[in-house]
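Dear colleague,

Please find below the structure that I am handing over to you. My findings follow directly after it.

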Amino acid sequence: MRILLTNDDGIHAPGLHALYRALSSDFPVDIVAPEVEMSAVGHAISLSRPLRVKKVRKESRFYGYAVSGTPADCVKIALQELLDQPPDVILSGINLGSNTGVDILYSGTVSAATEGAFMGIRSAAISLDTRENPDFTFAARFSKHIVDFLGRHGLRDGTALNVNIPSCPTGRIKGVRFTRQGMSRYVEKYERRVDPRGNVYYWLSGEIPMDNGTPDTDGLALREGWVSITPIHYDLTCEKELNRLKKAAVSIFPRDL
Ligand code: MN
């Protein structure tokens with residue numbers, strides 16, 4: 001199994017290095033990651049500027065390719081240009097901070113895995129539920145189980161795994177739950193500030209997730225101390241609404257429009 005690692009925290013992020021350390025002794029591993037942090041860029045790709053690729057060395061050995069683009073760019077250019085062989089598995093992470101609920105729409109970490117699913121490669125996003133003093137030990141070790149799971153069971157076409165790992169001490173992690181994407185979202189506010197030249201600027205802040213009380217969701221499982229695994233799909237069609245609109249359309253749009 002060849003593994004491609006990427007992320008949205010940038011090629012120098014400790015979370016990516018933790019994945020590399022956990023997996024590179026057992027598998028051939030390639031790294032193609034953004035050269036700088038690209039959190040919350042979602043599924044953006046670079047169209048109006050060129051992509052530059054630099055080889056990065058760590059501990060005096062070749063470590064990976066740094067790309068001047070987004071996580072989705074990294075997956076695309078890895079498969080089309082940089083890698084000699086396509087990977088069997090793509091892992092994106094380990095992200096600093098969870099990716100649950102509607103937040104996954106903004107997530108670069110998750111979008112890299114979704115891009116992998118576009119390409120027909122078994123892919124997973126892995127996020128650790130903390131933004132301070134991260135200990136990636138358990139999450140990195142758990143990623144081996146994810147690789148094993150993907151190798152043995154595969155994934156339905158177009159599906160990726162969104163994995164979130166609690167940041168509590170390993171002994172307090174309750175186990176694994178397969179969950180659905182919750183609809184909870186952050187309570188957001190803009191802080192209004194004034195710069196030294198007297199100009200007003202705004203900074204998005206506020207990060208307390210609202211609890212929507214749905215029992216089998218990613219966010220709730222994570223808060224209760226479970227590793228949450230959600231299968232996600234990029235088909236955004238709402239089937240129920242499609243059927244309702246088809247029926248409603250008869251009375252709105254004349255047939256000879
Ligand atoms: Mn990130």
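Predicted model: local features only at pLDDT ≥ 70, side-chain atom pairs only at ≥ 80, totals over all residues.

Contact here means heavy atoms within 4.5 Å, and buried means under 20% relative accessible area, with exposed over 50% and partly exposed in between (1.4 Å probe, protein chains only). Helices (H or I, at least four residues) and strands (E, at least two) are DSSP runs, numbered from the N terminus.

Residues are numbered from 1 along each chain as its sequence is written, and side-chain values use heavy atoms, with hydrogens and water left out.

Nine strands make up an open sheet of mixed pairing, in the order 3-4-2-1-5-6-7-11-8. Two strands pair if DSSP finds at least two bridges between them. Strand 3 (53-58) and strand 8 (175-178) are the edge strands, each pairing on one side only. On average, neighbouring strands of this sheet are turned by 25° against each other, direction ignored. Axes are lines fitted to C-alpha atoms, for helices over the stretch in contact, and angles run from 0 to 180 degrees between N-to-C directions.

Five bridges join strand 6 (residues 122-128) to strand 7 (residues 159-165) in the parallel sense. Within this pairing, Ile126 has Val163 in strand 7 as its bridge partner. Helix 1 (residues 14-23) packs on the sheet, and its direction makes about 135° with that of strand 5 (89-96). Helix 3 (residues 108-118) also packs on the sheet, at about 170° to the direction of strand 6.

**Aromatic rings and charges**

The whole structure contains five aromatic pairs. Rings of Phe, Tyr and Trp (its six-membered ring) pair if their centres lie within 6.5 Å; planes under 30 degrees apart count as stacked, over 60 as edge-to-face and the rest as tilted.

One of these pairs is Tyr20 with Tyr63, which is edge-to-face because the centres are 5.1 Å apart and the planes stand at 75°. Tyr20 belongs to helix 1 and Tyr63 to strand 4, so the pair ties together parts that are 43 residues apart in sequence. Tyr20 is buried at 17% relative accessible area, and Tyr63 is buried at 4%.

Phe149 and Phe178 form a tilted pair, 5.9 Å centre to centre with 35° between the planes. This pair links helix 4 (residues 137-153), which holds Phe149, to strand 8, which holds Phe178, 29 residues apart. Phe149 is partly exposed, at 30% relative accessibility.

The charged end of Lys58 sits over the ring of Tyr63, 4.8 Å from its centre. Arg177 lies over the face of Trp226, at 4.0 Å from the ring centre. A charge sits over a ring if NZ of Lys or CZ of Arg is within 6 Å of the ring centre and within 35 degrees of the ring normal.

**Cysteines**

How many disulfides does the structure hold? It holds zero, a disulfide being a pair of cysteine sulfur atoms within 2.5 Å. Cys74 is buried at 0% relative accessibility, whereas Cys238 is partly exposed at 48%.

Yours sincerely
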